[in-house]
Structure formats: structure tokens, C-alpha cells
Amino acid sequence: MEDPDALLAAGAAALGLRLTDEQRAALLRLVAELAEWNGRFNLTAIREPADMVRKHLLDSLAVHAFIAGGRICDVGTGPGFPGLPLAGVNPRRRFTLVEATAKKARFVEHAARALALDNVEVVNARAEAWRAPAPFDTVICRALGKLHEFVRFAGHLCARDGRMLAMKGQCPGTELEAVPRGWRVVAVRRLEVPGLDAERHLVELARA
């Protein structure tokens, strides 16, 4: 059986992240809490702790280098990814995690308390209907649909000079050609997630 702690330590190092003992323990606590809640509420199809480390924690941390600014919004966070892991390793940044499904939002609130993440706010709402008190420097999503949907749902949350980051599997070639007017593709980056034998890409969007 694979050791989640060893997987996390090695994976984070491969991503260039130096986690403290406290940060590593908190991330593993997140996996444990998710596994416990998942048995009752079916929050994720990923059930093995080692798989959660690879497909949730390391997949989230792979975008760490590309978030910018002090105010970050994770739209459609599900059970807290990528927002919770990113908040855990960026204590000086403020994270707002938006999730429409009540049971998932409740878990994210619970997990943020359990991990003592004072820099996390949870909003149980549909992103397109929610109006933030101030715009965000980075708006990020994972598995929220196509790029034009991401912009339609969450573009209003992004600051004028901010960035929108869409986490994707394969490079979304046709989606890049359908980015809505008023927006442009800044970069498409291939991500290497330690332990994952699957394509991962990050699409960065900005206002035109």
C-alpha cells in the first residue's frame, strides 16, 4: 500500500514546493476528512487516499506558480479543489471558494475549520448569480465546463487587470478559438502532475 505522506512529500518537492511539516499534516488531514465525509455524502469518485493525494492535492498544487495577487476565487470548487490546497500553502493570500451544491459547500466549510485556514471564505451560490464585494486578482476553476462557459459564469468576478485560469485535461484546441469577445488567451501551459499518467493543461485568460 502506498504511503500518502511519502507521495505528498515527493510530489510537492517535484513541483518545487517546500512544505512545512504543519502544511503537509494539514493537507493529509484534508484527505482524511474527505475520505470520512465521502462515505456519507459521496463528494468525489476518488476514494483511495493515495489517489486523493495525486488527483486532488498534487493536481491542485501544480498550478501554485501561476496564481497571482492577494485575492483568489475558486469557482465551482466542489469539495474544495484546487482552493483548499492552494490556501494551505499560501497563508498570506485570501481565498474565496464558490460552490453551488450545498453538501459540498458544507464540507469545504468544515474542512477549512478543521485545517485552521483563516484565509478561506466559502460561498454557497452559483457563480453567475453571485456578486462579490470586490473583484479578484485570480479566478480559477477545475472541471467547470468549456472556456466560454467559464467566462460567462465567472468573468464578472475578475478584476480588470486580473487573470482567469482554467484547469484542463487535454489541450482544449477548439475551445481556444471560441473565447468570448472581450477576452484573450494569454497562455496555454502543459502541467506535469507527479504520479499522474494523464495530460493536464492550464489556460490563462485576460481581458482583451
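## Helices on the sheet

Helix 6 (residues 147-154) lies across strand 1, strand 4, strand 5, strand 6 and strand 7, and runs at about 140° to strand 5. Helices (H or I, at least four residues) and strands (E, at least two) are DSSP runs numbered from the N terminus. Angles run from 0 to 180 degrees between N-to-C directions, with axes fitted as lines to C-alpha atoms, for helices over the stretch in contact.

This is a predicted model, in which local features need pLDDT of at least 70 and side-chain atom pairs count only at pLDDT 80 or more, while totals for chains, interfaces and linings use all residues. Residues are numbered from 1 along each chain as its sequence is written, and side-chain values use heavy atoms, leaving out hydrogens and water.

Seven strands form an open sheet in the order 3-2-1-4-5-7-6, with mixed pairing; two strands pair if DSSP finds at least two bridges between them. Strand 3 (120-123) and strand 6 (183-191) are at the edges with a single partner strand each, so one side of each has no neighbour in the sheet. From one strand to the next, the twist averages 20°.

Strand 1 (residues 71-75) and strand 2 (residues 94-98) run parallel and are joined by five bridges. Cys73 stands opposite Thr96 in strand 2.

## Helix 2 and helix 5

Helix 2 (residues 21-41) packs against helix 5 (residues 102-114) at an angle of about 150°, and their axes are 10 Å apart. The pair is therefore roughly antiparallel, a term for angles over 145 degrees.

The contact (heavy atoms within 4.5 Å) involves residues including Trp37 and Phe41 of helix 2 and Phe107 and His110 of helix 5.

Notes. Angles under 35 degrees count as roughly parallel, over 145 as roughly antiparallel, 65 to 115 as roughly perpendicular and the rest as oblique.
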